[in-house]
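I opened my notebook to look up a few things in this structure. Here is what I wrote down, entry by entry.

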Amino acid sequence: MFKHDIPPTGAIPRLASAAALVLVAAWTVATADQGPAFIHEPDSPDLEWGPCPDFMPDGCRLAVLQGDPAQPNADVFFLLPGNSTAPHHWHTSAERMVLVSGEMQVDYDDQDPVALRPGTYAYGPARLAHTTHCTSDEDCILFIAFEEPVDAHASHDD
């Protein structure tokens, strides 16, 4: 009865192919100025490690992996020395994190502490203060994808 509402045989694959071409074209335009693909390992000699904010412990370092840390959507490695603590702090941005090495505990305000082992994914909402402990003898290296510019603010309400 509703034969006119059903695309003829062969029309669906043509529609799907057309949609796929549009998506590929849009992706190509969107990624054309992003440059080549690349990888970084924490011990790569070409990786530039810089200091953390002054309130962080000695030996804390950051390496920018991708993007401009003063702009949205930058990725970093955060190195917290073994058996040290990043004091109570917060970030303007949400954080998407994966622990690369070491063992870590994160204590978010008003939540139970969480333990991270290598490969563990964690999400930290924007402005949610927390304390981070590298509980292993080896350094903890955390991959962090920031949505907003990279920052860390010491909490002074302890």
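**Entry: a bridge partner.** I started with H89, whose bridge partner in β9 is H130. A reminder to myself: this is a predicted model.

**Entry: the strand pair.** Next I looked up how β4 and β9 pair. Strand β4 covers residues 84-90 and strand β9 covers residues 130-134. The two run antiparallel to each other, with 4 bridges between them.

**Entry: the whole sheet.** In which order do the strands of the open sheet lie? I noted β7-β6-β9-β4-β11, which makes 5 strands with antiparallel pairing. At the edges I found β7 (114-116) and β11 (153-154); each has a single partner strand, so one side of each lacks a neighbour in the sheet.

**Entry: cysteines.** How many disulfides does the structure hold? I found 2. Counting bonded cysteines along the chain, I wrote the pattern as 1-2, 3-4.

**Entry: C52 and C60.** These two are joined by a disulfide with an S to S distance of 2.1 Å. I checked the torsion about the S-S bond: it is about -70°, so this disulfide is left-handed. Are C52 and C60 buried or exposed? Both C52 and C60 are buried.

**Entry: C134 and C140.** Here I found a disulfide with the sulfur atoms 2.2 Å apart. The angle about the S-S bond of C134 and C140 is 85°, and I logged the link as right-handed. I also looked up burial: C134 is buried, and C140 is buried too. Going back to my strand entry, I saw that β9 covers residues 130-134.

Technical notes
Residues are numbered from 1 along each chain as its sequence is written. This is a predicted model: local features need pLDDT of at least 70, side-chain atom pairs count only at pLDDT 80 or more; totals for chains, interfaces and linings use all residues. Side-chain values use heavy atoms; hydrogens and water are left out. A disulfide is a pair of cysteine sulfur atoms within 2.5 Å. Buried means under 20% relative accessible area, exposed over 50%, partly exposed in between (1.4 Å probe, protein chains only). Two strands pair if DSSP finds at least two bridges between them.
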